[in-house]
Amino acid sequence: MARLDQTPFEIQITDLSHDGRGVARRADPKSPGAGKAIFVAGALLGETVVAQQTARHRHFDEARTLEVLVASPDRVPARCPHFGTCGGCALQHLDESKQIHVKQRVLLENLERIGHVTPESVLPPLVDAAWGYRRKGRFSVRRVEKKDKTLVGFREQDPRFVADLVECHTVMPEIGTKIAALSALIDGMDGRRDIPQVEFIAGDDTIALVFRHLQPLSEHDQAALTAFAQAHDFAIFLQPGGVDTVHPLWPHAPRLAFTLPAWDIELLFRPLDFIQVNAGLNQQMIASALSLLDVQPGERVLDLFCGLGNFTLPLARTAGQVVGVEGDAGLIRRARENATHNGLDVEFHAADLAQDLSGHAWMRAGFDRLLLDPPRSGADVVLKQLPLGGLKRIVYVSCHPASLARDAGFLVNERGWKLRAAGVMDMFPHTAHVESIAMFEPR
């Protein structure tokens, strides 16, 4: 393989990619990679920058910004000193109010390019707090002998390395300001080389840290963790093996829960359960989904990929009957517990929604409205099996615009539905992550 030409070059940015990098092409036919797309980290649409190549591929090249010669009017100073190295954020240099419009463009372009569909209307974007919003995540941990230090943080842009963080402004401050203290804690432990990650998750009243450890922890280490928990008001869980091995260290029985006040609902969860990262945006998202679904009294609603019941239980406040389906049997158990806890009668089923579902009776039960909130892989498998004839509306919540676009194309172009509306929601400000929602009606 030929060496990279690392000679700095001047280039104009003509677009912004889905992952927040500037897009350009070298016009000089004599320059290496002339005419090929080049993705430039740290550059914004309309800027002229001095860049340096960092990788070469068959169909595109990669580079990083060395100097901004002509800045975008939307460029702002990054708040975080780790921006540009840490891989947790991609858009801190873009004005907060402009980030959501970039994400909206990504959604609409995906719908057109992949799904060959255009929404009849574009929904107003949903936004909430841009900083200190992240209530769930995972820090990587690595002891680096050359630095004589244990690093705690997100992965760098080069994912082989752990970012040496002091704090994080997107994580809720009760956690984001304690990263240096967490690093010092682990560095002083006997098992500091046996802890690969620390997960965090927060309810309304309790913040939990889950320490994954590859070897049993000494009494000294357990005492240090307990003292840290007491000093910083954390609940500490240990995870010596798989998900089922997670257990509390201190206090004896932590209670993790968050409320959805608009629907008078409290959701109980466990420390490794999936919950939406952004609490404020989550409540707006539920309200938007329920409004778009427009359930009438007495109607039957199917909620696929229902998790703990984030949408299912609010739906149950108005619908005649709600059925929730989820692939994770543990989440279904807790969804049932949450229904009982809130005095709601909801039917839940555990089923792998990426497999043959012909043997499940709920598939043939008949529903008036459908809500889906699938993982990044989307919902194409279940949509191709589900009887859609009696449905009046479908609302699709998506964490990956490409899979939403694919599934929208199937519904519109193969099954005769209309894409009435679609829009974006800023679940992860300052990152390139695009959360979106779409509403379909039969033609």
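I count a charge as sitting over a ring if NZ of Lys or CZ of Arg is within 6 Å of the ring centre and within 35 degrees of the ring normal. I looked for such cases in a predicted model, where local features need pLDDT of at least 70, side-chain atom pairs count only at pLDDT 80 or more, and totals for chains, interfaces and linings use all residues. Residues are numbered from 1 along each chain as its sequence is written, and side-chain values use heavy atoms, with hydrogens and water left out.

**Entry 1. Charges over rings**

I found the charged end of Arg79 over the ring of Trp131, 4.1 Å from the ring centre. I also found the charged end of Lys384 over the ring of Phe410, at 5.9 Å from the centre.

**Entry 2. Aromatic pairs**

I took rings of Phe, Tyr and Trp (its six-membered ring) as paired if their centres lie within 6.5 Å; planes under 30 degrees apart count as stacked, over 60 as edge-to-face and the rest as tilted. The count by this rule is five aromatic pairs. For Phe139 and Phe200, I noted ring centres 4.9 Å apart and planes at 40 degrees, so this pair is tilted. Elements are DSSP runs numbered from the N terminus: helices are H or I with at least four residues, strands are E with at least two. Phe139 belongs to strand β8 (residues 136-144) and Phe200 to strand β10 (residues 197-202), so the pair ties together parts that are 61 residues apart in sequence. Both Phe139 and Phe200 are buried; the term means under 20% relative accessible area, with exposed over 50% and partly exposed in between (1.4 Å probe, protein chains only). Phe139, Phe154 and Phe200 form one aromatic cluster.

**Entry 3. Nonpolar cores**

I defined a nonpolar core as a set of buried Ala, Val, Leu, Ile, Met, Phe, Trp, Tyr and Cys residues joined through side-chain atoms within 4.5 Å. The largest core has 50 residues, of which Phe311, Leu313, Leu315, Val346, Phe348 and Ile437 touch the most other members. Helix α5 supplies the largest share of this core, seven residues. Another core, of 39 residues, lies apart from it and has Phe305, Val382, Trp417 and Val434 among its members.

**Entry 4. Helix α9**

I traced α9 over residues 401-414: its 14 residues reach 19 Å from first C-alpha to last, close to the 20 Å expected at 1.5 Å a residue. The expected span is 1.5 Å times one less than the number of residues. Is α9 mostly covered or mostly uncovered? The helix is mostly covered, with ten of its 14 residues buried; Phe410 is one of the buried residues. The cover over these buried residues includes α1 (96-115), α8 (380-385), β20 (393-398), β21 (417-425) and β22 (435-442). Just after α9, Gly416 takes a positive phi of about 80 degrees.

**Entry 5. Strand β21**

I noted that seven of the nine residues of β21 are buried, so the strand is largely enclosed by the rest of the structure. Two strands pair if DSSP finds at least two bridges between them. Strand β7 (residues 121-122) pairs with β21 in the parallel sense over two bridges, and Val122 has Ala422 in β21 as its bridge partner. β21 and β22 run antiparallel and are joined by eight bridges. Lys418 stands opposite Glu441 in β22.

How values were computed:
Contact = heavy atoms within 4.5 Å.
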